[in-house]
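Biologist: I'd like to learn how to read a model like this one. Could you take me through it feature by feature?

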Amino acid sequence: MYPTPCLTSCDRLRVRSQLTNLQRHMAEELLPPASISSSELKLTALVISHAILNPYKTKYFPYPQWGYISDPATFLDVHGRVLVWYLLGIMPPAKCLVKCSKAGGQSQRRFGHRHVPEEDGNEKFGHGRLMNSPATFQQAHNVIPHVLWEHFWRLIDPQRLEDKVYESSPLKKQVVRQWLKDISYAEEFWNTIADIVLPDLAQVGRDAISAKADWVITQPPCPIRWPSIYLGIDAIVNQEAPPHLDQASAPSLLNLVPGTIVFLAGKLLTHSVPKWEKGERIALAHYMKDAVHNRFGLARPAFTQQKHLLGKFLQTYTASIS
């Protein structure tokens, strides 16, 4: 254990300066297309360090008015529990391009509203949501304007401990299986980030992946090698989403949205995807399934606490300058 350090705004400014210099250097660096470079590892350590040193604290009511946040940060509740890791810039722009294909078939589910590009209205990647999971029940979102929906859904589709668990149907398609294989190096990198910022959650995720072999009913082709600690990876293409909470999750099961990496307590915090301007938007939403974890006999993880992060700062910051 590291001793609790006394940190000031000067520490954050020093980390910010090193982060800016590294990003400037990496803008001219040719990054490997299917692996993680040493520069990317240093970038990760500096972004996490900055987020630890840049906490936003709030009480439950009223809603805070923080405005636009342009630096890596953490968001804490009144008890010092981390509800959001906002790791802006942790992935270089060149690595934010996701290999996609329309060959995977139509989305099996639509949630929210279709977004039409402003330029000419044509979509290169289509629109919708493709849900991928190696262990799943039927799930739903709890949309804020319909507060009774959660209770209604439980009445018509209760998830009991004796219910069977299956692989989602898209995993039968070779193009989807190949896509997951192609992005596996990035998924392993995101898993490592979770090990640092959410160690209890990451361990529960690994336990779920290990346990699924004893519970999941699989059909040909053979079971897939799942690359993530999260049981759900949804490809969401050109979709706006209304304010909602994540029905399938639990308070301490933080979701992950890569790119500008955000770990979010989606069961507690209302979030949405509003209308944007130019271009198409493809998001990979990662989430854990509380009902499936319960089926596997796994307990919910504890929240990461701010008081545990300062020692983590010393660890990650030391790695960034070594």
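This is a predicted model: local features need pLDDT of at least 70, side-chain atom pairs count only at pLDDT 80 or more; totals for chains, interfaces and linings use all residues.

Biologist: How many helices and strands does the protein have?

Modeller: Helices (H or I, at least four residues) and strands (E, at least two) are DSSP runs, numbered from the N terminus. Here there are eight helices and 14 strands.

Biologist: Which residues of α1 are buried?

Modeller: Buried means under 20% relative accessible area, exposed over 50%, and partly exposed in between, using a 1.4 Å probe and protein chains only. In α1 the buried ones are D11, V15, L19, L22 and M26. Looking down the axis of α1, they fall within an arc of 65° (taken from the directions from the helix axis to the C-beta atoms), so they line one face of the helix. C10, L13 and R24, on the other side of α1, are exposed.

Biologist: Which residues have the most contacts inside the largest nonpolar core?

Modeller: A nonpolar core is a set of buried Ala, Val, Leu, Ile, Met, Phe, Trp, Tyr and Cys residues joined through side-chain atoms within 4.5 Å. The largest one has 47 residues, and W85, L87, I193, I261 and F263 have the most contacts inside it. A second, separate core of 11 residues includes L171, V176, I183 and I233.

Biologist: And salt bridges? What should I look for?

Modeller: Side chains of opposite charge can pair when their charged atoms come close. The cut-off is a side-chain nitrogen of Lys or Arg within 4 Å of a carboxyl oxygen of Asp or Glu. The structure holds seven. In one of them, D234 pairs with R129, with the closest N and O atoms 2.8 Å apart. D234 sits in strand β9 and R129 in strand β5, so the pair ties together parts that are 105 residues apart in sequence. D234 is buried, at 0% relative accessibility, and R129 is buried too, at 8%.

Biologist: Where do D11 and R14 lie?

Modeller: Both are in helix α1, three residues apart, about one turn of the helix. D11 counts as buried at 12% relative accessibility, whereas R14 is partly exposed at 36%.

Note on methods
Residues are numbered from 1 along each chain as its sequence is written. Side-chain values use heavy atoms; hydrogens and water are left out.
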